[in-house]
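This briefing describes a single protein chain for use in computational work. It begins with the chain as a whole and then turns to selected local features.

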Amino acid sequence: MKPSAICWTLLSISMFGVAAWAEEPAPLLLSETAGEGSDLLSDSALAPVSYVSEQEPCCDSPDECVGTADCGYQCSEDLLSRQYLTGDLFGARSGLAEHGVIADIQLTQFYQGVASGGRRRRFLYGGKADYFFTFQGEKLGLNKGFSAILHAETRFGDDINTAGGALSFPNSNMLYPLPGQHQTAITGLMFMQALSENFALTAGKYNLLDLWNMIYPNTGRGINGFMNLSLIAPTPIVRTTNLSINGAGAMGLHEGQIQSALVVYDTTNSSTTAGLDDLFDQGAVVLGYGRIFTEWRGHPGSHALLGNWSSRTYTSVDPASWTVIPGQGVVAAGQQTGSWTISYILDQVVWSDCCNDQRNMRLMSQWMIADGDPNPYRWSGNIALQANGLFRCREQDSLGVGYFYNELSGNFKSLVSAVVPIRNTQGVELYYNAALTPWFHVTADLQVLEDANANDDTSVMPGLRANLRF
């Protein structure tokens with residue numbers, strides 16, 4: 001079947017036959033279903049959430065709390081206040097959600113360009129359609145605590161990942177299903193079986209951005225937060241982990257959030273294939289993750305360690321599904337079996353509105369070290385500050401500013417410098433995401449980057465992003 005036919009078939013099914021769920025994409029199923037006082041094994045309903053126009057005051061004086069009603073919003077489900085463009089589809093959404101079939105359909109369009117510097121100056125238009133389908137086992141007559149999440153994607157148009165320069169990653173979402181290709185593919189199909197409120201088993205095809213967004217929802221998958229990959233996830237992981245990988249593992253849970261995980265997955269990218277015919281033919285990756293939840297001045301936060309090790313045989317200039325690594329055609333001195341990374345992740349709310357904790361400011365910082373050979377990176381670090389609902393009358397808006405630095409390994413630099421001068425990469429990104437309606441957001445984005453090619457001037461990359469939820 002042609003990709004365009006698959007795209008329209010999925011969209012038709014979504015619009016006329018499947019229920020949509022609220023606010024965050026399907027990978028947030030754990031945090032939605034296993035909150036305080038709920039039971040993971042019960043498959044509790046995820047009823048569509050209407051746009052709430054009022055909130056309970058919690059300050060000493062009610063006058064200190066300003067809800068959205070005071071800003072002119074209406075509580076009724078009219079076109080401008082509903083969560084989704086198509087509303088409840090005459091009861092179809094809520095009806096099918098009660099039977100355990102939930103969907104989140106989004107269309108994201110990008111217009112980004114290189115105003116100066118970079119590899120070449122140009123502005124390009126492209127976009128993605130994302131189809132999330134969640135199936136809740138108990139409501140469908142299957143096992144209690146079972147769920148499945150399917151993610152299909154359609155990529156169209158162009159992006160500036162290449163024009164921005166080597167290892168710059170200015171648009172992470174457009175890396176899927178594959179960079180530079182126009183196609184529709186199932187990039188994620190994850191199965192989970194909760195055995196208790198604190199433990200679950202998982203298997204299937206993992207979309208890496210989805211998996212990271214499940215643990216840290218504020219990272220946004222490049223559609224409602226930062227766009228640059230280096231501010232979403234630790235960059236050196238591109239050597240050991242592909243875009244979509246088949247695997248299995250176990251997860252420890254804490255109040256619906258992933259607190260620990262042990263996962264084994266394939267080294268080969270399967271974002272456009274099933275990936276089962278050659279499963280583990282070229283090695284496997286073992287990943288461990290542990291997280292401690294804390295409080296700072298009454299605000300929630302966490303500290304986490306993540307490490308992985310790949311048994312695959314590489315060289316530092318081997319191509320990756322994520323990007324073109326400089327030095328293609330260079331003959332490496334020798335292959336290395338095994339590659340590892342270790343990272344630390346800080347996630348801390350530094351301010352929240354006492355009347356509405358969804359209005360908050362969050363600090364996130366990620367640091368990763370790698371082997372440096374065969375990984376082209378030696379270490380990386382980033383720090384970002386994001387605010388949600390900073391202005392009381394714009395509670396759905398968000399903004400962020402972040403800085404990243406990626407240190408390339410000495411071995412990689414000496415190997416490639418004979419062909420092209422290599423430098424470490426760094427950059428700053430600033431965005432403002434305006435909720436014109438709950439179902440239509442527009443983001444203004446600006447990135448200033450130094451890519452890995454020392455011959456390229458510092459690039460200035462403005463862009464616009466529009467996200468529409470059906």
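The model is predicted. Its chain holds five helices and 17 strands, and buried residues account for 55% of its 470 residues.

**Overall chain**
- Of the contacts between residues at least 6 apart in sequence, 67% link residues at least 24 apart.

**Asn375**
- Asn375 lies in the loop that runs between β12 (356–370) and β13 (377–388).
- Asn375 is classed as buried because its relative accessibility is 0%, and the cut-off for buried is under 20%.
- The side chain of Asn375 comes to 2.9 Å from the backbone oxygen of Pro236.
- Leaving aside residues up to four places away in sequence, Asn375 is in contact with Pro236, Arg239, Ser339, Thr341, Ala370 and Ser409.

**Nonpolar surface patch**
- Ile383, Leu385, Val401, Tyr403, Val428, Leu430, Leu446 and Val448 form a nonpolar surface patch of about 590 Å².
- At least two residues of the nonpolar patch come from each of β13, β14 (398–408), β15 (425–437) and β16 (440–450).
- One of the patch residues is Val428, which is located in strand β15.
- Val428 has a relative accessible area of 37% and is therefore partly exposed, since that class lies between the limits of 20% and 50%.

Notes. Residues numbered from 1 in each chain as written. Predicted model: local features only at pLDDT ≥ 70, side-chain atom pairs only at ≥ 80, totals over all residues. Heavy atoms only, no water. Helix = DSSP H or I, 4+ residues; strand = E, 2+ residues; numbered from the N terminus. Buried < 20%, exposed > 50% of the residue type's maximum accessible area, 1.4 Å probe, protein only. Contact = heavy atoms within 4.5 Å. Polar contact = N/O pair within 3.5 Å; in protein donor to acceptor, adjacent residues only side chain to side chain. Patch = residues over 30% accessible without salt bridge, like charges linked within 9 Å, V, L, I, M, F, W, Y side chains within 5 Å. Areas by Shrake-Rupley, 256 points an atom, 1.4 Å probe, with all protein chains shown as cover. Salt bridge = Lys/Arg side-chain N within 4 Å of Asp/Glu carboxyl O.
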